[in-house]
Amino acid sequence: MRRAAVGGVLLTAVVVVAAAPAGPQTLPPLAAASAPWTRFTLPNGVAVLVAERPGLPIAVVRASVEAGATLDPADKAGVASLTAELLTRGTATRSALEADRAIELVGGSLEGEGGRDSSELVLSVLRKDLGLGLNLLADALLRPAFPEAEFERARDEAVASARQAEEDPETLGARVLRRLVFGEHPYGRPTGGTETTLRAITRDDVVAFHRVAYRPERTVIAVAGDIGAAAVRVELEARLGPWLVSGSPPAAPGPAALGAPSRTETVQRSLAQATIHLGQATVTRRHPDFYPLVVASQILGGGSSSRLYARIREERGLAYNVYAQFAPGRLAGLFLVELQCENARVREALVIVREELVRLRRERVSAEELARAQSYLVGSFPLRMDTAADVSDVLVAIERFDLGLDYPERFRQAVAVVTADDVLRAVRTHWDPDGMSLALVGDLPLIGIATP
């Protein structure tokens, strides 16, 4: 890898990974005014949110624990991800094969996945098999055995995945960009670790991580399906009520620094197209400017009607797709622009991206652009809750970011009242083209950058 300035523009990219839907089952429409969701807390601190959907045959239960990659030691990045992956590979009462057979016999699924801020277990079963599914989920969450053979297998798979990521230009660019933007902060490291850090992890590290980080008061359970809150309480208290832990919770990292100097890094790959990521650290989901920034990113690069799409694809034919995204996390947000284009036209594309970023800070967006962005954001919001898995994901976000159970209606209202002045002020305050970092993966000689 080599650092270099390219076209005077910094580029960043980030990949936001969401849990895969447990199934294609579509939910009945939400009520117009608010979602019929219920929240309660178990005596041991587990927060539970329930979306009752009568007639929905599939039930999805998402158990989210504040045990993500932000808690990984820097020299053993990947511990959280490995721990989450191993939760379903054998417990104190069932082998991995026995657990797999039990859930597959009823046509369900139970999967663990480590994320940046938290890790999750996601259960999907027919409503009639929910009891069995909850038994398996509670067993995996509270009593994982972390068998040595399964640990070795999971670590080898993670190493292979990390190695493969280095060969995928989009994933590589996103990783480079995060490192440039967040530096030594945990947000700057890949959630799955690197080949080096993964090989340093032992089974004892995984056992210790689970013992310290998996705690009831750090857990959110979101349930969506044909089951009421009272029944959910009974089911969960029977299985999770005895869950108690001793000792202190893990020390959490502080917020990521904003306003760091821009940096550029280029990576030589003999590819027909270069991958460009441009971005910078910005505010979190809780910031008052969240909604103006969401609208701004939609106007800039949120689809076929966006400014970047019109200029880069429609007018110049530089890229098949280009987008801008504001991805807020718990400790910092990330604003990014991502595109792929021919190596020889990278500089041309970067010039246009910079022009549009400067324009967004220089002048108010038009009334037509504003209305179009608001209409899309409000109209597409229900699609984010199309399946039971989608709803469970939204419920977890509501709890983690304290959004309130009326969040769907509040989101629509908050987007609708954003003005052109709000967009201009927020962009001027939080997004600076001169402060954005650039990660560029491509054939550097064809781009016009000398290689060592």
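Q: Is Glu 265 buried or exposed?
A: In this predicted model, Glu 265 counts as buried, because its relative accessibility is 2% and the cut-off for buried is under 20%.

Q: With which residue does Glu 265 form a salt bridge, and how far apart are the closest N and O atoms?
A: The partner of Glu 265 is Arg 179, and the closest N and O atoms of the two residues are 3.0 Å apart. This pair links distant parts of the chain: Arg 179 belongs to helix H5 (residues 169-182), Glu 265 belongs to strand E7 (residues 264-268), and 86 residues separate them. Arg 179 is partly exposed, its relative accessible area being 29%, whereas Glu 265 is buried.

Q: Where do Glu 150 and Arg 153 lie?
A: Both residues lie in helix H4 (residues 148-165), where they are three residues apart, about one turn of the helix. Glu 150 and Arg 153 form a salt bridge, with 3.1 Å between the closest N and O atoms. Glu 150 has 17% relative accessibility and therefore counts as buried, since the cut-off is under 20%. Arg 153, with a relative accessible area of 41%, is partly exposed.

Q: Are Arg 410 and Asp 406 buried, partly exposed or exposed?
A: Arg 410 is partly exposed at a relative accessible area of 33%, and Asp 406 is partly exposed at 35% relative accessibility. The side chains of Arg 410 and Asp 406 meet in a salt bridge of 2.8 Å, N to O.

Q: How many salt bridges does the count come to, and which residues are linked in a network?
A: The count comes to 33 salt bridges. A network of salt bridges links Arg 311, Glu 355, Glu 356, Arg 359, Arg 362 and Glu 363.

Q: How are two packed helices described?
A: They are described by two quantities, the angle between their axes and the distance between the axes. For helix H11 (residues 346-362) and helix H15 (residues 420-430), the packing angle is about 120 degrees and the axes are 7 Å apart. H11 and H15 are therefore oblique to each other.

Q: Which residues of H11 and H15 meet?
A: From H11, Leu 360, Arg 361 and Arg 362 meet Leu 424, Val 427 and Arg 428 of H15. By type, the residues of this contact divide into three nonpolar, no polar and three charged. Arg 362 also takes part in the network of salt bridges described above.

Q: At what angle do the axes of helix H12 and helix H14 cross?
A: The axes of H12 (residues 367-380) and H14 (residues 407-416) cross at roughly 175 degrees and come within 9 Å. An angle over 145 degrees counts as roughly antiparallel, and H12 and H14 are therefore roughly antiparallel to each other. On the H12 side, the contact is made by Gln 374, Leu 377 and Val 378; on the H14 side, it is made by Phe 411, Arg 412, Val 415 and Ala 416. The residues of the contact divide into five nonpolar, one polar and one charged.

Q: Where is the place of Thr 70, and which residues does Thr 70 touch?
A: Thr 70 is in the loop between strand E3 (58-65) and helix H1 (79-86). With a relative accessible area of 9%, Thr 70 is buried. Leaving out residues up to four places away in sequence, Thr 70 touches Arg 116, Asp 117, Pro 186, Tyr 187, Pro 253 and Leu 331.

How values were computed. Residues numbered from 1 in each chain as written. Predicted model: local features only at pLDDT ≥ 70, side-chain atom pairs only at ≥ 80, totals over all residues. Heavy atoms only, no water. Axes fitted to C-alpha atoms, helices over the stretch in contact; angles between N-to-C directions. Helix = DSSP H or I, 4+ residues; strand = E, 2+ residues; numbered from the N terminus. Parallel < 35°, antiparallel > 145°, perpendicular 65-115°, else oblique. Contact = heavy atoms within 4.5 Å. Nonpolar A, V, L, I, M, F, W, Y, C, P; charged D, E, K, R; others polar. Salt bridge = Lys/Arg side-chain N within 4 Å of Asp/Glu carboxyl O. Buried < 20%, exposed > 50% of the residue type's maximum accessible area, 1.4 Å probe, protein only.
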